[in-house]
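Please load the model in your viewer and keep the selection panel at hand. The tour below moves from one selection to the next.

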Amino acid sequence: MILRLAALTLAAALAPSPVAAATPAQPTVIADGHVDMGPRMVDGAWKIQVRDDTTQPATWRPLPDVVLHAVSAAKREVPTGAEYAFLGAPGAPVWLLPQVQRPGVLWPGWNTQDPSIAGMVDREVTWRLHTVAGPGRFALFLNGNFGKPQEVFDSTRPFPQETGIEKASHVHGNWAFSAAGAYTLDIEMLTAAPDGKTLSDREQLRIYVGDGQPAAAFAAATSRTPTSAPATVSQEDSATSGGWWYALGAVIILAALVFAVLARTRRGRSDS
């Protein structure tokens with residue numbers, strides 16, 4: 001299900017400002033301040049990039065050149081309450097890049113505000129999560145009404161997962177990680193343009209959690225195979241999967257019967 005995030009749009013609070021393009025091959029670790037991820041047109045192509053507001057002017061950076069760092073100050077404990085069970089057991093450690101800015105901790109969001117795509121998005125941009133590679137669980141959630149968390153992504157659920165980002169919007173959420181180390185999020189952003197064409201880009205977002213050498217995340221594996229199997233499978237997915245196995249079994253049995261009949265026929269001819 002695509003989550004509508006228009007209610008959380010922060011366009012009025014953080015309007016686009018002049019930005020500079022990063023020079024090629026400029027690896028950057030960003031550990032504090034405000035950044036956004038979103039699509040923009042680069043040399044005529046739809047690309048996902050990171051807008052780094054820690055520089056003046058702000059800089060759009062290609063995803064392969066960026067590691068987002070959740071420093072030790074981002075470490076918290078999972079709150080009590082069943083609504084936070086998706087983060088782990090109460091009291092367990094969790095590194096949180098928060099929805100509301102905190103000094104000394106990175107504040108990542110996502111937006112569809114770049115002027116280069118203003119006329120290319122018909123209604124919304126689809127943000128799709130294909131896999132997550134890393135030492136622990138990843139979850140992205142919003143604090144909705146009365147503080148109740150609203151999950152957007154959860155690495156223990158079946159992939160791919162997706163959400164919708166309204167055009168010309170700017171959103172922040174809570175990025176949660178259950179263990180320290182390097183993570184790679186295989187993400188895609190796509191949209192149906194007014195002319196009917198589909199604009200799409202698929203990239204890998206690297207995040208380093210905790211103490212250590214965050215630059216090591218630049219060498220993170222680029223495999224698109226998930227490192228953790230989904231915890232649950234919906235009944236619909238299970239039924240679909242079962243249908244394929246039954247069909248394959250029927251084909252194998254039918255082939256075996258045909259082979260047996262042909263073999264018996266040939267044996268009968270040779271005996272005569």
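The model is predicted: local features need pLDDT of at least 70 and side-chain atom pairs count only at pLDDT 80 or more, while totals for chains, interfaces and linings use all residues. Residues are numbered from 1 along each chain as its sequence is written, and side-chain values use heavy atoms, with hydrogens and water left out.

Strands here are DSSP runs (E, at least two residues), numbered from the N terminus, and two of them pair if DSSP finds at least two bridges between them.

Leu 97 has Trp 175 as its bridge partner in E15.

Next, select E10 (residues 124–133) with E13: 6 bridges pair them in the antiparallel sense. Trp 127 stands opposite Thr 163 in E13. Strand E13 (residues 161–166) has 5 of its 6 residues buried, so it is largely enclosed by the rest of the structure. Buried means under 20% relative accessible area (1.4 Å probe, protein chains only).

Finally, which residues touch the most other members of the largest nonpolar core? They are Trp 127, Trp 175, Leu 185 and Leu 205, in a core of 42 residues. Apart from it lies another core, of 9 residues, including Tyr 84 and Phe 86. A nonpolar core is a set of buried Ala, Val, Leu, Ile, Met, Phe, Trp, Tyr and Cys residues joined through side-chain atoms within 4.5 Å.

Note on methods. Helix = DSSP H or I, 4+ residues; strand = E, 2+ residues; numbered from the N terminus. Buried < 20%, exposed > 50% of the residue type's maximum accessible area, 1.4 Å probe, protein only.
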